[in-house]
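Hi everyone, thanks for coming. Let me put the model up on the screen, and then I'll walk you through what I'd look at.

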Amino acid sequence: MEAFLKQILSENNIEPNKLVNQTITKLVDNAKIAELAKSIVSIKNQIIEIFMIYKNKEEFKEKHIVIANANAKKEYDFTFDLQEFPNIAIKEIKNLDIVGLQFDPETNQIFGTPTVANTVNLDLVFYSKTDEKQSTDIKTVPFIVNADPKDLWKDKASDKNLKYAKEDHETYHGHFLDKKIVVASQRGRSHAHDGLFRDDDFKVQKLWDDWTIVAVADGAGSAKYARQGSRIATEFIVESFNNEEILQSLSNLATNFYAEKKNVQEVPNADDNPTEIEKLAIEEQSIKTKSSIVNILYKNVRILHTQLIDFAKQEAINLKDLNTTLIFALVKKFDFGYVMLTFGVGDCPINIITKDFDEVKLLNTLDIGEFGGGTRFITMPEVFSSPNMGTRFGIHKLSDFSKLFLMTDGIYDPKFETENKLEDLETWKAFIQDLNGKNEDKIKVDFENDEDIQEQLLKWMNFWSKGNHDDRTLAIIY
């Protein structure tokens, strides 16, 4: 008490002396003075408490807080770290509704899925937990919602008044032998952004003698009329096989070819095993049969090349203006299994997955790697003069299969990236899971309940892949 009295006297310029000290001694035990002293200390403590409340709030207002950017149409959550300010509580955040997000004051979490790109100032309404009145203050923090990359791409309609006009997308769903087929072809973002046409094309047709064909083409983006080149390629090659004489020959040759291959194999302990001389004769005949099959396929492909030349002359355009890749699979189910006759020029793959999903095979040779780093087109004369021409044709037989795929590089590049992954089982399992809905957009292509599967596939093909904005065409036999 004595020290307290001396402090008060000093604050009032009363210096210590004998008289003052005697007076202080007499007041030390004064009840009134003691009561007043307690009141003064209490008031001072209250002042300090109020000061600390305001100081803490000001420190929080001055603190540089960064709220992580959100991305439009993607789930978002951010939690404030208030360990440095244990007495601060955020009551609400104003302007969050502008971007479609919410705030939970119990967890200090911002969450939700922002709808559109925006830059807003968020007002953090906060108070001090030590303030009985919980008077609020506001801290303003800038917040950015980045645009969905898809939204940055324009979708301009193509001019249907121009020659060789083509729809921006096309789909097909139907039977394919004793299976089904779904195809979707979508104009790429780069073409849509500039209002250009889709350069991809496809054609599916049931033919005579239970043969069925599917053809897919990818018109070169650098070619002025690639859209017409791909259309001619698919339509002509399909129609070229719509010929009873050709298909009857292929049926007979395929039957003979696989019968010959079977006869070459030795059967243990069988009395009628062929001799070595007979084997050589059968093998020689098998090679001739295979050559006959390839020659039929080659002839139609060669005629297609001539058709493209004639069309270019007729239209007074350069042949390279029609540059396009081409792949096709001509398929029939025999008693001994499915026979698939394939062809490919360019960088579009044909893949088949075995029935038990224990193997995946690439059924054509892509024009990458050994072909020297440049896509080839069916319009190029050098394709037909190349010694590798024969390797472009494939003859395959399977007792059964799960799925057969034909795709353009708009699918192949983002989903497989490199050629070696086209026969990697794990990559294909991931691709199938992707089709089954395990993707960013959660879009499923339902092969069981397939009433509107073509629309599902078209929607799935709108997936985002940075740097991959080409036309996309995917045909699936299932």
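**A charged network to begin with**

So, let's start with Asp-155, Lys-160, Asp-168 and Arg-187, which are linked in a network of salt bridges. By salt bridge I mean a side-chain nitrogen of Lys or Arg within 4 Å of a carboxyl oxygen of Asp or Glu.

Quick housekeeping. This is a predicted model, so local features need pLDDT of at least 70 and side-chain atom pairs count only at pLDDT 80 or more, while totals for chains, interfaces and linings use all residues. Residues are numbered from 1 along each chain as its sequence is written, and side-chain values use heavy atoms, with hydrogens and water left out.

Okay, the overall picture. The chain has 11 helices and 18 strands; those are DSSP runs, H or I of at least four residues for helices and E of at least two for strands, numbered from the N terminus. The C-alpha trace spans about 140 × 65 × 40 Å along its principal axes. What is the radius of gyration of the chain? The chain has 39 Å, whereas a compact globule of 478 residues would be near 23 Å. That radius is taken over C-alpha atoms, and the globule rule is 2.2 Å times the number of residues to the power 0.38. Buried residues make up 46% of the 478, where buried means under 20% relative accessible area, exposed over 50%, and partly exposed in between, with a 1.4 Å probe and protein chains only.

Back to salt bridges: a search of the whole structure finds 22 of them. One joins Lys-55 and Glu-59, with the closest N and O atoms 2.5 Å apart. Both residues lie in helix H3, 4 residues apart, about one turn of the helix. Lys-55 is partly exposed at 33%, and Glu-59 is partly exposed at 37%. Then there's Glu-84 with Lys-63, at 3.2 Å between the closest N and O atoms. Glu-84 is in the loop between strands S2 and S3 and Lys-63 in the loop between H3 and strand S1, so this pair ties together parts 21 residues apart in sequence.

Stay on H3 for a second, residues 31–62, which is where Phe-51 lies.

Now rings. How many aromatic pairs does a search of the whole structure find? It finds 25. Tyr-298 and Phe-393 form an edge-to-face pair, 6.4 Å centre to centre with 70° between the planes. For Phe, Tyr and Trp (its six-membered ring), rings pair if their centres lie within 6.5 Å; planes under 30 degrees apart are stacked, over 60 edge-to-face, and the rest tilted. Tyr-298 is in helix H7 and Phe-393 in strand S16, so the pair ties together parts 95 residues apart in sequence. Phe-393 is buried at 9%, while Tyr-298 is partly exposed at 26%. Ring pairs also link these two with Phe-241, Phe-328, Phe-343 and Phe-384 into a cluster.

That's my tour, so over to you for questions.
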